[in-house]
Amino acid sequence: MSKAPPPRGGIAGLVILFCFTLAALGLAFDFTTRGPGGFWVGAQPGAGAAIGLGAAVVCVIAARLAQMLFGRGGEEGDDVSGHP
Amino acid sequence: MLAVTLNPGFVPILAGLLVLAAPRVARAPIMALAALTALWLLLDHEFGAASAMAQMGLPVVLLNLDALNRIFGIALLIALIFVAVYSGARRNRYEDAAILMLAGGAVSALFVGDLVSFVAAAALAGLSAAWTVFASPVEGANRAGVRLLIWHGLEGLLFLVGVALHITAGAASSVFARLDVTSMGGACIFAALLIRVGAPMAHVWLKDVVSHASAVGGAALSVFTSMLGVYALARLFPAEPLLVPIGAAMIVIGAIYAAAQDDLRRAGAYALTAQTGVCVALIGVGSPLALAAAEGHAFAAVLAFAALQMALGAVLVRTGDARLSGFTGLARAMPLTTLLMFVGGLAVAGAPGFALYATQTVALEATAQWELRGVWLLIAALSAMLFVSLALRPALVAYRVVAKPSAFNEAPFPMMLGTSLATFLSFAIGLAPRWLYDLMPAELAFQPFAIDRLAPQLEVLGVAGLAYLALHYTALAPKTLPWRTLDIDALYRGPAASAGRWAGVLLLRAYGAWQAGATRSGYAAGRLLGRVAKLCDQPFAPRGVANAAQLLSIGAILVIILVFR
C-alpha cells in the first residue's frame with residue numbers, strides 16, 4: 001500500500017508575502033527618506049533589519065535552549081505537579 | 001456630597017455583591033453597567049482631591065483624581081466592559097463576582113489619595129484575584145490560587161510594614177506622594193510594588209495564575225493585576241534609577257520565555273511581563289516624555305493583552321487548552337477566533353496601526369539617549385520577538401493543512417464579540433492615537449506615523465518574520481511539541497518544597513521524640529514520688545525510716561510553734 005502524501009499548503013505563502021512587504025517597505029523608506037544620523041549605531045538607517053534578524057535568531061536560540069535546559073515533556077499543565 | 005466622595009472603583013465592588021444573587025441573564029449586563037457607571041463617575045469629576053476624613057488620626061482620602069490615575073482608570077474600566085461582554089458565554093456567578101471585586105479593588109486603589117486606603121484596596125484586589133483563580137474549572141487552579149495568596153500575602157505584609165514605618169514620620173506623610181526608596185518604609189513599599197508588577201524572581205505568579213484561570217479569568221487577571229503596580233510605581237517612585245535595570249530584566253525574561261512556551265496563555269502572560277517591563281524602565285528614566293510613554297504604554301497594553309487573552313480563552317473553551325502543539329488545523333475549526341488570535345498577536349507586538357505601536361514610538365523617543373541605548377535596543381527588539389512568538393508561530397501552526405480537518409466549532413458569540421471589541425479599540429487607537437496622547441499627563445505633540453518612525457518598525461517586524469520563516473523551514477527552529485518550560489518557581493515548588501517537607505518531617509520526628517521522652521520522664525518521676533509518698537504514708541508501721549521521719553517532722557513543727565509563738 002502506498003502512503004498518502006503529506007498535506008501541503010497552509011498560510012506559508014501569505015505569511016512570507018506579508019513579512020516581505022513589511023521588510024521591503026521598511027527598508028525602502030528607511031534608506032531613502034532617513035539620512036545618516038541617530039544617537040548610536042542602532043538608530044542608523046537599516047539597523048532595524050539587524051535588530052529584527054537578531055530578535056528572530058534570539059527567539060529560536062531561546063526556545064532551543066529553554067527546551068534543552070528547562071524543558072519537560074508531557075501534556076499536563078503544571079510545572080511541578082504534586083507540589084503546592 | 002456623595003458625588004464628591006464616591007470613588008469610581010466602589011461601583012464594581014457593589015455590583016460584585018449584586019451579581020452573587022442575580023440570575024444568569026442579568027450578570028453580564030450588570031458587569032457592563034457597573035463599568036459604564038464607574039466610567040461616568042470618573043469622567044464627570046474635576047481633577048482634585050475630595051474632602052479627607054480622619055480615622056485614628058490619619059487622613060483618609062477616598063478620591064483624588066488627576067491625569068495620572070484617570071488614564072489608568074479609563075483603561076481598566078473599558079477593559080471591564082469587554083470582559084463583561086466576553087463573560088456572557090458562560091455561567092459562573094462566583095467568578096463574575098470575583099472579577100468585579102478584582103476590577104473594583106484595582107480601580108479603587110487608583111483613585112484613593114492615601115497610603116492606608118491604597119493598601120486596603122490593593123489587598124482587596126489581591127484577594128479577589130485569588131478568588132478568580134479558585135473559581136476556575138482548569139485543573140490545578142486551586143493550587144495556583146493558593147500560591148497567588150502566598151504572593152499577595154507577602155506583598156501585603158511588605159505594604160503594611162512599609163506604610164507603618166512611613167507614617168511614623170507623621171500623619172500627613174500617609175498622603176499619596178513621592179517616596180524615598182532609601183528609607184526603610186519606602187524600601188518595603190517598593191519591594192511590594194515590585195512583586196505586584198512581576199519583577200524578576202516575582203514574575204512567576206502572573207504566568208501561573210493566567211494559565212490556570214478560566215478563559216474570562218485569564219483576561220481579567222492580565223488586565224487588573226500588574227498594571228496597578230505600574231500606576232503605583234509611577235505615582236510613588238518616578239525617576240527611580242533602580243527601575244531601569246529591573247524593567248530591562250523584565251523585558252528580557254518575558255521575551256525569552258514567551259518565545260519558549262508551548263502554552264500560549266502562559267506565553268501571553270510572559271509577554272505582558274515584558275511589556276510591563278517597558279513601562280517600569282520608562283518610569284525609572286523619569287523624564288516627562290518617558291513618564292507619559294509609560295502611562296500610555298500601560299493603557300495600550302491593557303487593551304492589547306485583553307484582546308489576546310480573550311482570543312486564547314476562546315480556544316481554551318472549545319479545545320480544552322491553548323497549547324501551540326494542539327493548534328494544528330485550528331483555523332478550519334475556529335476561523336474567526338484564529339484570525340482574532342493572529343491580530344491580537346500583532347497588537348501585543350506593537351505592529352503599526354495598533355495602540356502599542358503608538359506608545360512604543362514614544363518610548364523609543366524617550367530612551368533615545370546614549371546611556372539608555374541598552375533599554376532602547378530591548379524595546380525595539382521586543383516587538384520583533386513578540387511578533388514571532390505570538391503572531392507568527394501560532395499562525396503557521398493553526399493554518400497548517402491537515403489530512404483530517406476538525407469539524408467547524410467556532411467560539412461562542414459573546415466571546416468573539418468581546419475579543420473583537422478589544423481588538424477594534426486597540427486598532428482604532430493605533431490609527432488615531434491623538435485621543436490617547438491627549439489623555440496623558442504630559443502635553444505631547446507626537447507623530448507616530450512619521451516615516452522615520454514607521455519605517456524602522458516595519459523593517460524590524462518584516463525582517464524578523466522573514467528570518468524566523470527561514471529558520472522554521474530549514475528546521476532550525478524547534479518543533480511544536482507538547483512540552484513545558486520550568487521557571488524559577490520550579491525551584492520553590494520542586495526541590496525547595498521537598499526540602500521543606502523533609503525538614504518538616506524531621507522536626508515532627510524530633511518533636512515526637514521529645515514529647516515521648518517527656519512523657520516517659522513524667523511517668524518515672526510520678527512513680528518515684530508515689531513510692532516516696534507510700535513510704536511516708538505508714539503511720540502504724542512498727543519500725544522503719546518513714547516512721548522516724550514522720551516523728552521528726554512532727555517534732556520539728558512543734559519546736560517551730562513553741563519558739564515562734
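**Two chains, question by question**

Mentor: Let's start where the chains meet: 52 residues of chain A are in contact with 59 residues of chain B. This is a predicted model, in which local features need pLDDT of at least 70, side-chain atom pairs count only at pLDDT 80 or more, and totals for chains, interfaces and linings use all residues. Residues are numbered from 1 along each chain as its sequence is written, with chains lettered from A and ligands numbered from 1 in the order in which they are written.

Trainee: What makes two residues count as in contact?

Mentor: Their C-beta atoms, placed from the backbone, lie within 7 Å. On the chain A side, α1 (12-33), α2 (47-69) and β1 (71-73) each supply at least two residues, and the largest share, 17 residues, comes from α2(A).

Trainee: How do you know which classes that side of chain A is made of?

Mentor: Ala, Val, Leu, Ile, Met, Phe, Trp, Tyr, Cys and Pro count as nonpolar, Asp, Glu, Lys and Arg as charged, and the others, Gly among them, as polar. By that sorting there are 30 nonpolar, 14 polar and eight charged residues on the side of chain A that touches chain B.

Trainee: Why is chain A described as α-α-β?

Mentor: Helices (H or I, at least four residues) and strands (E, at least two) are DSSP runs, numbered from the N terminus. Chain A has two helices and one strand, and reading along the sequence gives α-α-β.

Trainee: How do you know how far to trust chain A?

Mentor: Look at pLDDT, the predictor's confidence in each residue, from 0 to 100. Chain A averages 77, and 70% of its residues score at least 70. Over residues 75-84 of chain A, though, pLDDT is below 50, and this stretch has 21 contacts in the model beyond near neighbours in sequence. Where pLDDT is low, the predicted coordinates should not be read in detail.

Trainee: Over to chain B. Why is B:S128 called buried?

Mentor: A residue is buried if 20 or more other C-beta atoms lie within 10 Å of its own, exposed if 12 or fewer, and partly exposed in between, with C-beta atoms placed from the backbone. B:S128 has 27 within 10 Å, so it is buried. B:S128 sits in helix α6 (residues 115-134) of chain B and touches B:A98, B:M101, B:L102 and B:G105, leaving out residues up to four places away in sequence.

Trainee: What makes helix α9 of chain B "mostly covered"?

Mentor: In α9 (residues 204-212), nine of its nine residues are buried. Those residues, B:W205 and B:H212 among them, pack against several helices of chain B, including α6, α7 (141-167) and α13 (264-285).

Trainee: What makes a set of residues a nonpolar core?

Mentor: Take buried Ala, Val, Leu, Ile, Met, Phe, Trp, Tyr and Cys residues joined through C-beta atoms within 7 Å. The largest such core has 229 residues, of which B:L76, B:L282, B:V302 and B:A304 touch the most other members. Helix α14 (residues 288-319) of chain B gives the largest share, 23 residues.

Trainee: Chain B has 24 helices and five strands. Why is chain B called more spread out than a compact globule?

Mentor: The radius of gyration is taken over C-alpha atoms, and the globule rule is 2.2 Å times the number of residues to the power 0.38. For 565 residues the rule gives 24 Å, and chain B comes out at 31 Å, well over that, so chain B is more spread out than a compact globule. Its C-alpha atoms fill a box of roughly 120 × 65 × 55 Å along the principal axes.
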